[in-house]
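Hi,

Here is the structure I promised to pass on to you. Please have a look at it first, and then read my notes below.

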Amino acid sequence: MEPQPQPLAVMDVDQSEMSIVQWDGTQNGGFSQAQSMMLNSKKLQDDLQNLGLKIKQHENNLKLLKNQKNKLDDSILDTQVTLSKYHSSAATGTENEERTSQSEEETIKQILQYGPSAASIWCQLRANHTSYASYPTLTKDVIGIVATLGRVDDDNLSRMLSQYLGVETMLAIVCKSYEGVKALETYDREGHINKESGIHGVGASFGTALNGSFSVICLEDLRPYCGEFVLDDPQRRLDLLKPKLSTGESPPGFLGFAVNMINVEYMNLFFLTSSGHGLRETLLYNIFSRLQVYKTREDMLLARPCISDGAISLDGGMIRHPGIFSLGSWKEMNIRFPRSSASSAPSKYSETEKQLMEMRWKKEKMEEDMKREQALLDAARHQFQRKKEEFVKFLAESSSYAAQQPHMHPMQQQQQQQQQQPMHPMQQNHFMNR
C-alpha cells in the first residue's frame, strides 16, 4: 500500500499577526508615513523644549544683570552723596563756615539761654559733677537731649533738620527706659507734681523754677526699625530702599535719608536698649522715619511721586508729609545739631572720585550686556513662536490624516494617537502659554 500523504501541521496564528502581515503588505506606505510623522513630532517637541530652556537661561541672565545694576546704582548714589557733601561745604566758604558752624558747646549754650526748661536744667546738672553724682536714680537712665545726641556734616542740613523737628523735639529728654521717665517727675497723693524731686527738684537747687510741659522720649517704648543695616558701616546706618522714579532711576539731587545723615557720637554708638536696639534704629528712626534730603527745592518738588514720609532741601524746602507743604520764610532756630568735628572733605577725595568713575564705567558695560542679552532673549522668543506655530499646524495636519484612515490597523491607531498627543498636558501648556 502506498503511503498516504501526511496532513500539514495546523499552526495557531494570532489573527492580529495575520492582520499585521496583510496590513503591512497592503498599506506599508501608510505605516511609513505614520512613522515619519512621529519622528517629525518628536523633533518639533525637542526643538520647542530646547528653545524654552534657552529663553529661561536668557531671562535668568537678564534678571541677574538687573539686580547687579541696581546695586551698582545704589553704590554710585552713595558715592555721589559723599562728594556732594564736600562740594556743598566748600561752596559755603571758610569765612561763612567759621561764622555759622555750631559746636556742641555752642548748642548747649543755646539750650541754656533758651529759657527755663527741663533741657536747660539737665545741661546744668551734667556740667556740675557734684550735683550730677547726687542724683543717681535720675542720671543713670537719662541719655541726654535730642539736640546733643548727634552731629551733622553740613550747616544747612543742621538748620533744616532742626526746623523740621521743632524746638519741642530738639529739647526733648531721652531716657533708656520707663524708669527714667518716672525719675524725672513724681506726684503726691492728690496727683500734683512734687516740686522737690526729679527734674523739678534739680531746677530748684539751681534756682530755676520749671514751669510748663516738656517732652520725654522713652527708647524702650519706641517701635524700632527692624530691617537690615548697611554692610560694614561703623555708624550702623539703616539699609533703606532708595527712592526711584518711574524710569527706575534715583531722583536728581537726592542726598540721602535724614536718619542716616546724623552721626552718632562714639560714646553712644554702641548703646543698646534692653531689647538690643541702638539710638539710630530707635530715637533717630522715630523722629525722622524715612525723611528724604534733597540738594534744592526744585529737586525735591520733582521727586514728589517718590516721597513717602516727607522731605527737606538744603535751600529751605520742606514737605512734612505727602501733600503737606511748609511755605514762607523760616524763623531762625539757634538750637541745632552740632557739626561733626571731622573735616567736611573726604580724607581720600581723589580716590573717591576715581571709584565713582570706575563704577560708572562698570554700569555702562553692564547696560551693554543687558542690551545684548535682551536681543538674544527677543530672538529666542521669536524662534519659539515660529516653532510653536509650526507645531500647531503639524497637529492639525496629523489629525486630518488620521481621519482619512478608516481601516487603520490598531497598532497604527495607537501610534497615531501618541503622535497626536505627544506631550504631557502640563508640558504642552508650558509651551503653548509662552
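What volume does the second largest pocket have? In this predicted model, the volume of that pocket comes to about 460 Å³. Its lining is made up of 20 residues, and the ones closest to the pocket centre are Glu104, Arg126, Ile143, Thr148 and Met267. If you want to find the pocket by its secondary structure, look at helix H4 (104-113), helix H5 (118-127), strand S1 (142-145) and helix H11 (266-269), each of which gives at least two residues to the lining. Sorted by class, the lining holds eleven nonpolar, five charged and four polar residues.

Leu301 counts as partly exposed because its relative accessible area is 35%, which lies between the limits of 20% and 50%.

Asp232 is not a glycine, yet its phi is positive, near 60°. You will find Asp232 in the loop that runs between strand S4 (216-218) and strand S5 (254-257). With a relative accessibility of 73%, Asp232 is exposed. Ser289, also not a glycine, has a positive phi of about 50°. Ser289 lies in the loop between helix H12 (279-288) and strand S7 (292-294), and is partly exposed at 23% relative accessible area.

Enjoy exploring it, and write back with any questions.

Best wishes

Definitions and conventions: Residues numbered from 1 in each chain as written. Predicted model: local features only at pLDDT ≥ 70, side-chain atom pairs only at ≥ 80, totals over all residues. Heavy atoms only, no water. Buried < 20%, exposed > 50% of the residue type's maximum accessible area, 1.4 Å probe, protein only. 1 Å grid on protein atoms, 1.4 Å probe; cavity = no way out; pocket = protein on both sides within 12 Å on 5 of 7 lines; lining within 4 Å. Points joined across faces, edges and corners; volume = space filled by probe spheres on them. Helix = DSSP H or I, 4+ residues; strand = E, 2+ residues; numbered from the N terminus. Nonpolar A, V, L, I, M, F, W, Y, C, P; charged D, E, K, R; others polar.
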